[in-house]
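Here's a quick briefing for anyone opening this structure for the first time. Have a look at the model, then read on.

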Protein chains: 2
Amino acid sequence: MYSYMKRDSRLSSVLHALLHMAEHEGPMTSEALGKCLGANPVVVRRTMGLLREAGLVSAERGHAGGWRISADLKTVNLRQLHAALGEPAIFAIGNRNETPECLVEQAVNAALDKAFLEAEALLLDRFADVTLADLAADFARRHAERRASKD
Amino acid sequence: MYSYMKRDSRLSSVLHALLHMAEHEGPMTSEALGKCLGANPVVVRRTMGLLREAGLVSAERGHAGGWRISADLKTVNLRQLHAALGEPAIFAIGNRNETPECLVEQAVNAALDKAFLEAEALLLDRFADVTLADLAADFARRHAERRASKD
DNA sequence: CTTCATGTAACTATACATGTTACGATTCGG
DNA sequence: CCGAATCGTAACATGTATAGTTACATGAAG
């Protein structure tokens, strides 16, 4: 009944949701977004709630309610979304002991930390370079391509 | 009874173990290495077994047995060790659906994959730059520093 | 007031490194 | 040749975080 889950896919999920919302007229319900993502509506509310706390979306209850984007697509980048999700751990690999007395382990940690910090900095820089507007444009390009290939 | 575990620390563990072995005369038992790492001897055997399969260490059973390094410290780098461990997943974050039909999700995946692949390439390059001999030298430097500060 | 939708608590499912117990296989000392 | 030491490995338990699910309270629209 459960899909194979091993990694945090919330950033992927909220991006997918936000782009659908951007293409959609009016608010979208958690159930509609859940259908787009193949996810449970409660999980959608849980995750989108983090974006609401960051002021990136708003939610309205009752009839004709749902989720709306409350920010400019051109100003929201992936790094902000990662931050809005609480900056979840990026790496699945890490040191065994973060504050060791053993000098051997200190040398090991220093080498690994250096590599991981560089990779993390690069990743976050790349995240900062990509806005929702960029993704929307890429989607539009893919959409046009598909239509062209069908002619 | 269990220490707080959230990430794969096997690379950190084997580096710690290998450097202790490099400093040690003769083979080291799984129990001795477990004491160094604060880990269970069975876990040590399980993890070191992967390095044995890669030809980086050898194990001898019985009296005076244990683990020995069977490679030149100057030729073994962190990337080789990561490979010997089976190239475990580096990132704790990923796409929700790796092969989506939805064009929106394809655009999202493309952007995330690009960032993650760049960060992964950088990390593996940094891993390839660091040898066991480098770490041993860094340990020696830290050791000398500590002795100097005690004078 | 009924319906629709979010907000949220509580519980379950899953994967995987790690911890633990148990035992077989092998090597060496006496 | 017996027994201790040590690796090899199977089997099972533990802890953690996201994701799924159920249930219900809250609030808005008609």
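Predicted model: local features only at pLDDT ≥ 70, side-chain atom pairs only at ≥ 80, totals over all residues.

**How the two chains meet**

- Chain B puts 51 residues into the contact, and chain A puts in 51 residues as well.
- Of the interface residues of chain B, 100% are also interface residues in chain A, so the copies meet through the same surface.
- About 4800 Å² is buried between chain B and chain A, and carbon and sulfur atoms give 67% of that area.
- Ile93(B), Arg96(B) and Leu103(B) are the trio to look at here: they supply 15% of the area that chain B buries against chain A, more than any other three residues.
- Ser12(A) gives you a close-up of the meeting point: its contacts in chain B include Gly94(B), Asn95(B), Arg96(B), Glu105(B), Val108(B), Asn109(B) and Leu112(B).
- Ser12(A) sits in helix H1 of chain A, which covers residues 10-23.
- Is Ser12(A) buried or exposed? Ser12(A) is buried, with a relative accessible area of 1%.

**Salt bridges**

- As a bit of background, side chains of opposite charge can pair when their charged atoms come close.
- Over all chains, the whole structure has 18 salt bridges.
- Between chain B and chain A, the count is four salt bridges.
- Arg7(B) and Glu98(A) form a salt bridge, with their closest N and O atoms 3.5 Å apart.
- Arg7(B) lies in the segment before helix H1 (10-23) of chain B, while Glu98(A) lies in the loop between helix H4 (78-84) and helix H5 (103-129) of chain A, so this pair joins two chains.
- Over in chain A, the side chains of Lys114(A) and Glu118(A) meet in a salt bridge at 3.2 Å, N to O.
- Lys114(A) and Glu118(A) both lie in helix H5 of chain A, four residues apart, which is about one turn of the helix.
- Lys114(A) counts as exposed at 54% relative accessibility, whereas Glu118(A) is partly exposed at 25%.
- Chain B has a salt bridge between Glu118(B) and Lys114(B), whose closest N and O atoms are 3.2 Å apart.
- Glu118(B) and Lys114(B) are four residues apart in helix H5 (residues 103-129) of chain B, so about one helical turn separates them.
- Glu118(B) counts as partly exposed at 26% relative accessibility, and Lys114(B) counts as exposed at 54%.
- There's also a network: salt bridges that share partners join Asp138(A), Arg141(A), Arg142(A) and Glu145(A).

**Cysteines**

- A disulfide is a covalent bond between the sulfur atoms of two cysteines.
- How many disulfides does the structure hold over all chains? The count is zero.
- For Cys36(A), the closest cysteine sulfur belongs to Cys102(B), and at 6.9 Å that's too far for a bond.
- Cys102(A) has its closest cysteine sulfur in Cys36(B), 6.9 Å away, which is again too far for a bond.
- Cys36(A) is partly exposed, with a relative accessible area of 27%, and Cys102(A) is partly exposed at 24%.

**The nonpolar core**

- The largest nonpolar core has 84 residues.
- Which residues have the most contacts inside that core? They are Leu51(A), Leu81(A), Leu51(B) and Leu81(B).
- Setting aside neighbours within four places in sequence, Leu81(A) is in contact with Leu11(A), Leu15(A), Leu18(A), Leu51(A), Leu56(A), Val76(A) and Leu132(A).

**A look at Arg68(B)**

- Arg68(B) belongs to strand S2 of chain B, which runs over residues 66-69.
- Arg68(B) is partly exposed, with a relative accessible area of 36%.
- Not counting residues up to four places away in sequence, Arg68(B) touches Met21(B), Gly26(B), Pro27(B), Leu56(B), Val57(B), Ser58(B) and Glu60(B).
- Arg68(B) and Gln80(B) are twelve residues apart in sequence, and their C-alpha atoms are 17 Å apart in space.

Terms used: Residues numbered from 1 in each chain as written. Chains lettered and ligands numbered in written order. Heavy atoms only, no water. Buried < 20%, exposed > 50% of the residue type's maximum accessible area, 1.4 Å probe, protein only. Contact = heavy atoms within 4.5 Å. Disulfide = S-S within 2.5 Å. Core = buried A, V, L, I, M, F, W, Y, C linked by side-chain atoms within 4.5 Å. Buried area = accessible area lost by both parts, 1.4 Å probe.
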